[in-house]
Amino acid sequence: MALTEERVLEALRHVLDPELGKDLVSLGMVGEVRVEGARVDLLIQLTTPACPLKGQIEADILKAVKPLGAEEVRVRFGGGVRPPEQYPIPGVKHVVAVASGKGGVGKSTVAANLALALAREGAKAGLLDADLYGPSQAKMFGLEGQRLKVDQNRRILPLEAYGIRVLSMANIVPPGQAMIWRGPILHGTLKQFLEEVNWGELDYLVVDLPPGTGDVQLSLAQLTQVSGGVIVTTPQEVALIDAERAADMFTKVQVPILGVIENMSHFLCPHCGKPTPIFGEGGGKKLAEALKVRFLGGIPLTLPLRESGDRGVPILVQDPEGPEARAFLQAARELAAALSVQTFLPLPMV
């Protein structure tokens with residue numbers, strides 16, 4: 001039988017998206033099919049540019065199409081982040097909340113580098129520093145001392161660094177000034193940050209939540225539709241107790257949990273590169289298994305990672321090929337995949 005576009009398309013009906021469990025044709029992911037002699041050119045529109053399973057999808061396509069008589073199969077990937085039915089914020093497809101339940105586990109470092117990793121994978125990302133009492137993202141992105149401006153419609157314009165739009169209270173109040181606010185003022189400020197900001201077009205708005213499970217977390221869930229939450233923990237038992245509280249908080253405000261990231265999963269020796277699990281092992285994976293959610297990955301503890309935050313040059317920028325950057329990129333891919341599944345097949349509440 002002749003090699004035709006119709007036969008290729010029919011073959012692709014038997015190639016499944018590994019995450020969604022449905023075929024590429026019914027998902028609308030086949031953007032273009034061209035047959036010229038024995039050569040087939042395909043354009044596959046992914047559900048996110050950060051898809052971690054491109055290689056598997058391509059291999060499955062080759063396995064399905066080659067037996068039709070194709071001597072050469074060329075697969076191009078395109079597509080963008082699929083939005084939910086209703087945008088939570090004008091121009092913003094997904095709001096992702098990053099929480100820890102306690103301080104000191106490196107949640108802000110994780111949030112900053114997750115946003116950068118998503119952008120490096122081809123998405124448009126922004127970062128909202130919702131830790132209004134102790135904002136740190138201005139420091140991490142080298143934006144200290146810069147003031148926010150407004151557009152012609154009196155909407156706040158986020159600052160931008162390394163391709164990420166960043167909004168932080170640190171760029172509004174003088175350095176070192178304590179924020180002595182009660183719940184209603186916190187709620188009003190967060191409302192302004194969500195509704196009166198010109199975020200532009202974003203695939204992901206990463207929200208760096210404050211430690212604990214208080215007013216800001218509740219207000220975020222009340223003010224906008226959060227696509228999902230990420231829990232950051234360290235491996236030891238005492239951190240897991242607080243991480244479980246963060247998970248319970250997400251459940252009570254009806255925010256799906258996308259996964260768990262284990263920060264400081266091991267210490268990487270700067271001299272020999274040997275990993276040492278100084279805080280124990282496997283805590284993040286155990287928590288993910290208990291919650292029946294994805295383990296998004298483990299982030300090593302290294303001297304460059306600590307220094308990068310203090311210098312205002314995140315590790316994804318300072319050393320984009322280093323072990324820390326690779327770990328954040330893998331976590332971002334897993335997060336993007338979880339969000340794609342959530343968009344097509346809503347996750348059950350834990």
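Me: Is Tyr162 buried, partly exposed or exposed?
Reply: The model is predicted, with local features needing pLDDT of at least 70 and side-chain atom pairs counting only at pLDDT 80 or more, while totals for chains, interfaces and linings use all residues. Residues are numbered from 1 along each chain as its sequence is written, and side-chain values use heavy atoms, with hydrogens and water left out. Buried means under 20% relative accessible area, exposed over 50%, and partly exposed in between (1.4 Å probe, protein chains only). The relative accessibility of Tyr162 is 36%, so the residue counts as partly exposed.

Me: What kind of aromatic pair do Phe141 and Tyr162 form?
Reply: Rings of Phe, Tyr and Trp (its six-membered ring) pair if their centres lie within 6.5 Å; planes under 30 degrees apart count as stacked, over 60 as edge-to-face and the rest as tilted. A search of the whole structure finds one such pair. The ring centres of Phe141 and Tyr162 are 6.3 Å apart and the planes stand at 40 degrees, so the pair is tilted.

Me: How many residues apart are Phe141 and Tyr162?
Reply: Helices (H or I, at least four residues) and strands (E, at least two) are DSSP runs, numbered from the N terminus. Phe141 lies in the loop between α4 (137–140) and β6 (149–150), and Tyr162 in the loop between β8 (159–161) and β9 (164–168). The pair thus links distant parts of the chain, 21 residues apart.

Me: Which residue in β9 is the bridge partner of Asp129?
Reply: Two strands pair if DSSP finds at least two bridges between them. Strand β5 (residues 125–129) has five of its five residues buried, and four bridges join β5 to β9, which run parallel. In β9, the partner of Asp129 is Ser168.

Me: Within what arc do the buried residues of α7 fall?
Reply: Helix α7 (residues 237–252) has 16 residues and reaches 23 Å from its first C-alpha to its last, close to the 22 Å expected, where the expected span is 1.5 Å times one less than the number of residues. Its buried residues include Ala239, Leu240 and Phe250. The arc is that of the directions from the helix axis to the C-beta atoms. Seen down the axis, the buried residues of α7 line one face of the helix, because they fall within an arc of 165 degrees.

Me: Which exposed residues does α7 carry on the face turned away from its buried side?
Reply: The buried residues of α7 pack against several elements, including β4 (92–99) and α8 (283–291), where contact means heavy atoms within 4.5 Å. The face turned away from that buried side carries Glu237 and Lys252.
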